[in-house]
Amino acid sequence: FGGKASALINVVTKSGGNDFTGDVFGYYDSDSLQANAESVESTAGTQTGFTRQDYGLDVGGYLMKDRLWFFGAYDRVTNSIDSELPGGPNAGDIVTSKSRRNLGSAKMTFNVGANQSLIGTYLQDPRVDTGAINDANHTLNGDPSTYLGRQDFGGRDYALRYEGAFAS
């Protein structure tokens, strides 16, 4: 693109229309739904259990037929991992790492006139990790206060876009 080694990515989000549509979904998974596996011990602790939940919905339609459309979606994702602490003064204790995501999007499309639209978009992807933070910068080896961590990620984005031509 542009005579250089590069890439162009175009993402088109869902929009409302002149019909009302929607979806509802849910997923659940846990270690109790899987066959027993041999434990793998490491300095990061031994995973002893987990749960994953993912559920949400989306809905789209019109507020003014052929003129003003809407679309909205929400997805809640929660994960929990239990780990047995490795060696040290608290060896054998079970600590829990939790993660919660509230994913969402909304879109309003207003047909201003012939071949002209005004589009407002909102996107969110906040994530909160709590409990035993076990990543590249943290470990389960250490003081028990490190098992009570919190990390916040993601954020919210807003956009307003005009599509159309001012002249032929």
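Visitor: Which pattern does the protein follow, read along the sequence?
Guide: This is a predicted model. The protein has zero helices and eight strands. Read along the sequence, the pattern is therefore β-β-β-β-β-β-β-β.

Visitor: What percentage of the residues in the protein is buried?
Guide: Buried means under 20% relative accessible area. The protein has 168 residues. The buried share of them is 24%.

Visitor: Among contacts between residues at least 6 apart in sequence, what percentage joins residues at least 24 apart?
Guide: Start with the contacts in the protein between residues at least 6 apart in sequence. Then keep those that join residues at least 24 apart. The share is 62%.

Visitor: Which residues form a nonpolar patch on the surface?
Guide: The accessible surface of the protein comes to about 11600 Å², and 54% of that belongs to carbon and sulfur atoms. The nonpolar patch has about 550 Å² of accessible area together. Its members are V112, L118, L160, Y162 and F166.

Visitor: Is L160 buried or exposed?
Guide: L160 lies in strand 8, residues 156-163. Exposed means over 50% relative accessible area. L160 has 66% relative accessibility, so L160 counts as exposed.

Visitor: How many aromatic pairs are there?
Guide: Rings pair if their centres lie within 6.5 Å. By this rule the count of aromatic pairs is four.
One of them is F20 with Y62, with centres 4.8 Å apart and planes at 35°, so this pair is tilted. The count remains four.

Visitor: How many residues apart in sequence are the parts that F20 and Y62 tie together?
Guide: F20 lies in the segment before strand 1 (21-30). Y62 lies in strand 2, residues 46-64. The pair therefore ties together parts whose separation in sequence is 42 residues.

Visitor: Which is exposed and which partly exposed, F20 or Y62?
Guide: The cut-off for exposed is over 50%. Y62 has 25% relative accessibility, so Y62 counts as partly exposed. F20 has 53%, so the exposed residue is F20.

Visitor: Why is the pair of Y122 and Y158 tilted?
Guide: Planes under 30 degrees apart count as stacked, and over 60 as edge-to-face. The rings of Y122 and Y158 have their centres 5.1 Å apart. Their planes are at 45°, so the pair is tilted.

Visitor: Which strands hold Y122 and Y158?
Guide: The pair links distant parts of the chain, 36 residues apart. Y122 is in strand 5, residues 116-124, and Y158 is in strand 8.

Visitor: How far from the centre of the ring of F153 is the charged end of R127?
Guide: The charged end of R127 sits over the ring of F153. Its distance from the ring centre is 4.1 Å.

Conventions:
Residues numbered from 1 in each chain as written. Predicted model: local features only at pLDDT ≥ 70, side-chain atom pairs only at ≥ 80, totals over all residues. Heavy atoms only, no water. Helix = DSSP H or I, 4+ residues; strand = E, 2+ residues; numbered from the N terminus. Buried < 20%, exposed > 50% of the residue type's maximum accessible area, 1.4 Å probe, protein only. Contact = heavy atoms within 4.5 Å. Areas by Shrake-Rupley, 256 points an atom, 1.4 Å probe, with all protein chains shown as cover. Patch = residues over 30% accessible without salt bridge, like charges linked within 9 Å, V, L, I, M, F, W, Y side chains within 5 Å. Salt bridge = Lys/Arg side-chain N within 4 Å of Asp/Glu carboxyl O. Phe/Tyr/Trp six-rings, centres within 6.5 Å; stacked < 30°, edge-to-face > 60°. Lys NZ or Arg CZ within 6 Å of the ring centre and 35° of its normal.
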